[in-house]
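I opened a new page today to look around a structure that I had not seen before. Here is what I looked up, entry by entry.

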Amino acid sequence: MKKTYLCLNLICLIFTTAFPQTQFRFDINRIVLPIDNNGILADVNIDPYGSGGKLDNVIFLFSGGFFMSGYNGDSLWSNGVASASLVKDYLPGSVGSSESDTRNRIYVVKNIDVPFGTSWQNWSDAVSIGASFYDGDNNGVYNPVDINSNGVWDLNEDKPEILGDLTAWCVFNDGVPSSQRRFSDIEPQGIEIHQTVFCYDSLNTNYPNLENTIFVRYRIINKGTITTVLDSVIFGLWADPDIGCCSDDKVGTDTLLNSTFDYRTSEDYEFGINPPAVYLTLLQFPHTYIPNVTFVDNNSNGFFELGIDTPSDTAEYYLGKDIGTKKLPGARNIINSSSMGWKKADPYSGNPGTKLELRNYLRALKRTGQIVDPCDWIYTFVTGGVNCSKINPYYWASGDPVDSVGWLWKTGSDVRTMVNTGMFRLLQNEPVNIIGAYTTVRGIDALNSISVTKEKVKAVIRHYSTNFGQFPTGIINSNENVVSEFNLSQNYPNPFNPSTKISWQTPVGSWQTLKVYDVLGNEVATLVNEYKTAGSYEIEFDASKLTSGI
């Protein structure tokens, strides 16, 4: 098979003359990340570059992917793409498609591509197997044609769905036979996932706050070939970070940023005195319908039916500045429910060996199903005067290792980490969209890397909150004292008892709502629900009437 290598500013592409493109290598800013078309991130060997996600040419991510578990009736199923844990349950292509279908490849489009050129035309094949596009002429058909022949793209013309400066899209399904799975008692459930990996080129477009992040969107669809409802589904964004030498990594949870993170407390043989931290962040959460909470169930059948039931809430999915926002009346977006980590080949907390063990991990339980006790857990300790009995056990190692306060990981090792959503349903042909991000930054030393990575993650979250439309170059214009972008700051103090202050900023006047939710996604307080002019605001949240720990 003949291969040709073509290197451009953003990427290095590998073209093969015999087969469609089943692998792709991001090479942008200081990050290298190979992927393939069945969902594996980083653990993809592309000759002659090798495998692994790399920062400054040193591996920071051995493998990335996801785990998922739910119920088909009374039957539990669990699957995922987590190569380091020997779980690879997905095949390229749509549910029921032939593995030899040449459309089952990775489609790549760049923000700087020539409008209506080759990549835009190739996107037609992607659309035929489920990819989204900007429908400029509103006819429901993808036809990237320069209508007025002016050589530039106009709003009334079709274009690919381009997120960031570089987008790579593919589709895969859970069609791996049970006999070839780690969990050999699991049959395919008819699940199809459209994966979009994207990032920004800070050198060409001057977005330095986003240069260390790779975004991943999973559009999950129950195709209904097995059942119309997959219930109590939990999705976990999973990673096996290897920060240089893999034997001394630790796990933490940043509850305010919906993240888990891996870090070191000392120098690394390969990175030197300032190894990076690696954040794994959930940005966009799945939607769920809750009878008589998010909608009035007028016919009492437990399902939301537009035109019959009365919506009392609305979920939103951010689809990018071109396509806009998708609203789902009668639903709400649920927050992350837990986070955790485990050691490779550990007898008590190692790789999940059964579907039930994986389900337990997705609920942040021990491998055998018990709740972790922060006061007495072999892999962690509590320090800094924090009352261990008050710590939420579903967010493992949720302390601050920089200041050595709270619930911390004890000893470094080769660890995996996962941040999990709450439970949702996969209804037939109703897509669920989840967006995550991998962010890695080097500070002046190992602990400072945590601090600087955290600041980058805050910028990533701010960018996401504008539907990927505004860029986090700053919050306040100090010369004019004018707020230049939306920002919700960390509450202070945190932890708090019984009250804390929450501040936010808005560059425009608008109707604004500030709500507090518990870990199950239940609303516990509405602090603001009124029109606010542009400016900076602060409000006190008094939680004295709420149960401690929620």
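**Entry 1: an aromatic cluster.** I started with the rings, and found that F198, Y200, Y207, F215, Y318, Y464 and F468 form one aromatic cluster. For pairing, I took rings of Phe, Tyr and Trp (its six-membered ring) with centres within 6.5 Å; planes under 30 degrees apart count as stacked, over 60 as edge-to-face and the rest as tilted.

**A note on the model.** This is a predicted model, so I kept in mind that local features need pLDDT of at least 70 and side-chain atom pairs count only at pLDDT 80 or more, while totals for chains, interfaces and linings use all residues. Residues are numbered from 1 along each chain as its sequence is written, and side-chain values use heavy atoms, with hydrogens and water left out.

Entry 2: Y318 from the cluster has T325 in β25 as its bridge partner. I then looked up the strands: β24 (residues 314-318) and β25 (residues 325-329) pair in the antiparallel sense over five bridges. Here strands are DSSP runs of E of at least two residues, helices are runs of H or I of at least four, and both are numbered from the N terminus; two strands pair if DSSP finds at least two bridges between them. Six residues lie between the strands of this hairpin, where G320 takes a positive phi near 100°.

**Entry 3: two ring pairs.** How many aromatic pairs does the structure hold? I noted 31 of them. In one, the ring centres of Y107 and W123 are 6.5 Å apart and the planes are at 75°, so I logged the pair as edge-to-face. This pair links distant parts of the chain, with Y107 in strand β11 (residues 107-110) and W123 in helix α1 (residues 118-128), 16 residues apart. Y107 counts as buried at 3% relative accessibility, and W123 counts as buried at 1%. Buried means under 20% relative accessible area, exposed over 50%, and partly exposed in between (1.4 Å probe, protein chains only).

I logged W342 and Y361 as stacked, because their ring centres are 4.8 Å apart and their planes are at 20°. This pair also links distant parts of the chain: W342 is in strand β27 (residues 336-343) and Y361 is in helix α3 (residues 355-362), 19 residues apart. W342 is buried at 0% relative accessible area, and Y361 is buried at 0%.

**Entry 4: helix α3.** Six of the eight residues of α3 are buried, so the helix is largely enclosed by the rest of the structure. The buried residues pack against β7 (63-72), β8 (75-82), β17 (229-240), β27 and β30 (415-421), where contact means heavy atoms within 4.5 Å. Just after α3, A364 takes a positive phi of about 60°.

**Entry 5: helix α4.** Y464 from the cluster is among the buried residues of α4, which also include A446, I450 and V457. What do the buried residues of α4 pack against? They pack against several strands, including β24 and β32 (432-441). After α4 comes N467, whose phi is positive, near 60°.

**Entry 6: charges over rings.** Last, I looked for a charge over a ring (NZ of Lys or CZ of Arg within 6 Å of the ring centre and within 35 degrees of the ring normal). The charged end of K159 sits over the ring of W153, 4.2 Å from its centre. The charged end of R425 sits over the ring of F303, 4.3 Å from its centre.
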